[in-house]
4 protein chains.
Amino acid sequence: MSETTGRTRWAIAEGYIHGWSNGPEPQRLDHETVCLLNTSQQDAHVEITIFYYDRDPIGPYRVTVPALRTLRVRLDELNDPEPIARDSDYASLIESDVPIVVQHTWLDSGRAENA
Amino acid sequence: MSETTGRTRWAIAEGYIHGWSNGPEPQRLDHETVCLLNTSQQDAHVEITIFYYDRDPIGPYRVTVPALRTLRVRLDELNDPEPIARDSDYASLIESDVPIVVQHTWLDSGRAENA
Amino acid sequence: MSETTGRTRWAIAEGYIHGWSNGPEPQRLDHETVCLLNTSQQDAHVEITIFYYDRDPIGPYRVTVPALRTLRVRLDELNDPEPIARDSDYASLIESDVPIVVQHTWLDSGRAENA
Amino acid sequence: MSETTGRTRWAIAEGYIHGWSNGPEPQRLDHETVCLLNTSQQDAHVEITIFYYDRDPIGPYRVTVPALRTLRVRLDELNDPEPIARDSDYASLIESDVPIVVQHTWLDSGRAENA
């Protein structure tokens, strides 16, 4: 594994997190996630910037993917500098100091039950 | 964010918008969309050309993605120069004067209810 | 549209067409398709080669995508030189004399009803 | 087919295999697979390394894709050097001595019934 894998810059044009219901339970569980893979021998310091259609970008949200590890980031749980707006289209720009691989996904319901 | 993100030219080979029922309500809601992300400091002027299997391409349809913004375009709502043909395969070519990121998607039913 | 769009060589690693039932109606409709887009001013002459896990590749299957047109090819309907084996994993290599854009998909059930 | 198709290095950031139920039947069938296509005239010797979020990578898992063949690998069936951890996020790095094409997928239920 002498070559690097991935890129230092990724963009995801589509994102959407549902708001919560007024009832005691959420009407719908949203588990929008990005999976990050770092195959290098150095920790990857990752900055996520969130873009909206009607306001300035927010960020960076910071996460670290340790060397030789994968990390699943729940976008609906990010809250520093602030939670991602609910019921609003958003997009993500993901930048890392070492090349990583990024995949955008939704947790399936079976997995959500286990979590 | 000194580097540009994305490309000035994107193509989507698959598209299809269902026609409407004759009844009072549409039988099926189609919300075929493209998500556009512009991470640059300049507005992106975007031209969409629609290709068919049995007639000449139609376009350009024009949209602007402001600097540092994302935009969701509902393809079934484009109507200048003309609506996209229903019940017909089509493909899209998306060209921009600054690099953008493009993703093709369908609105899920939960999101459609909110819209 | 002075630039070309797409590539002259595409590969799809996953394919599978279900066999038919013994009854009067197929138990399950399979509409495995590839969408081809030709944004150039010249017709695209396309050759599809099918790879299996247990026998030599078969092909080429030939289709033409006219200039400035899109074409949906039903893989389960190709039969020259021979139909694609049912109930068997296969992969596709798609080669064209002019750059095209290729997308692999399954027709959804609503669209199948209309067809 | 004088050109090579594909790459010698692929990464899949998302993976997850459910554990088994305690009952007599599995509660849920997981058939997480990668489809590999080798369009070259030489056998492809492939090494898969599995990355976790909380432990060191495991591998290589070795498979061979013969010349001019496609191969579907069931990740939940790999067990040398050890089975992939259940109920745990993982990522895959796939390296080959000749260029191949890789696609990550889940077997659909219809196909699972046939298998």
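Mentor: D:Ala91 is buried because 26 other C-beta atoms lie within 10 Å, where a residue counts as buried with 20 or more other C-beta atoms within 10 Å of its own, as exposed with 12 or fewer, and as partly exposed in between, the C-beta atoms being placed from the backbone. This is a predicted model, in which local features need pLDDT of at least 70 and side-chain atom pairs count only at pLDDT 80 or more, whereas totals for chains, interfaces and linings use all residues. Residues are numbered from 1 along each chain as its sequence is written, and chains are lettered from A, with ligands numbered from 1, in the order in which they are written.

D:Ala91 sits in strand S6 of chain D; helices (H or I, at least four residues) and strands (E, at least two) are DSSP runs, numbered from the N terminus. Leaving aside residues up to four places away in sequence, D:Ala91 touches D:Ala11, D:Ile12, D:Ala13, D:Glu14, D:Gly15 and D:Phe51, and also A:Cys35, A:Leu37 and A:Thr70 of chain A, a contact being two residues whose C-beta atoms, placed from the backbone, lie within 7 Å. D:Leu75, by comparison, is 16 residues from D:Ala91 in sequence and 11 Å away in space, C-alpha to C-alpha.

The contact between these two chains takes 17 residues from chain D and 19 residues from chain A. On the side of chain D that touches chain A, at least two residues each come from strand S1 (7-12), strand S3 (44-52) and strand S6 (90-106), and S6(D) provides the largest share, 3 residues. That side has 10 nonpolar, 1 polar and 6 charged residues, with Ala, Val, Leu, Ile, Met, Phe, Trp, Tyr, Cys and Pro counted as nonpolar, Asp, Glu, Lys and Arg as charged, and the others, Gly among them, as polar.

S3(D) also pairs within its own chain: 6 bridges join S3(D) to strand S4 (residues 58-65), and the two run antiparallel, where pairing requires that DSSP finds at least two bridges between the strands. A hairpin of 5 residues connects S3(D) to S4(D), and D:Glu47 has D:Arg62 in S4(D) as its bridge partner.

As for confidence, the model scores ipTM 0.85 and pTM 0.87. Chain A averages a pLDDT of 84, with 79% of the residues at 70 or above, pLDDT being the predictor's confidence in each residue, from 0 to 100. In chain A, residues 21-28 have a pLDDT below 50, and this stretch has 5 contacts in the model beyond near neighbours in sequence; residues 108-115 of chain A are also below 50, with 7 such contacts. Where pLDDT is low, the predicted coordinates should not be read in detail.
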